[in-house]
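Visitor: Could you take me through this model, setting each label against the definition behind it?

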Amino acid sequence: MNMHPRFETARESTPRELTISKILADLILACQTIQDDITAEEVRAGISDRSDRRYPILARSLNERYDNLKGTIATLERRLSERELGAGMKPFP
């Protein structure tokens, strides 16, 4: 007989929570990619000071996108932790 260990949790994740978790993972990956693109553009231009008027327009746009994604990630993480707290579970550290 093939015995597989079974791990049980206090509460199973809902499909909505799983979807939010997947979206979060995708957004975090997108932020990492954008950060790499910003760095590459700054290296290409030789300017990394955002207050410099010669700072690349592409890097400015990517920084705005990055900041917006970070805000979205924070909001989704807050919603997940509120659901976990509401269910009596401790939030992730």
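Visitor: What makes a set of residues here a nonpolar core, and which members touch the most others?

Guide: A nonpolar core is a set of buried Ala, Val, Leu, Ile, Met, Phe, Trp, Tyr and Cys residues joined through side-chain atoms within 4.5 Å; the largest one here has 15 residues, of which Leu24, Ile34 and Ile38 touch the most other members. Two or more of its residues come from each of α1 (15–45) and α2 (57–86), and α2 supplies the largest share, seven residues. This is a predicted model, in which local features need pLDDT of at least 70, side-chain atom pairs count only at pLDDT 80 or more, and totals for chains, interfaces and linings use all residues. Residues are numbered from 1 along each chain as its sequence is written, and side-chain values use heavy atoms, with hydrogens and water left out.

Visitor: Which residues is Ile38 in contact with, leaving aside its neighbours within four places in sequence?

Guide: Contact means heavy atoms within 4.5 Å, and on that basis Ile38 is in contact with Tyr55, Ala59, Leu62, Asn63 and Tyr66.

Visitor: Why is Ser61 called partly exposed?

Guide: Buried means under 20% relative accessible area and exposed over 50%, with partly exposed in between (1.4 Å probe, protein chains only); Ser61 has 41% relative accessibility, so Ser61 counts as partly exposed. Ser61 is found in helix α2, and its C-alpha atom is separated by 9.2 Å from that of Ile38, 23 residues away along the chain.

Visitor: How many of the chain's elements are helices, and how many are strands?

Guide: Helices (H or I, at least four residues) and strands (E, at least two) are DSSP runs, numbered from the N terminus; the protein chain has two helices and zero strands.
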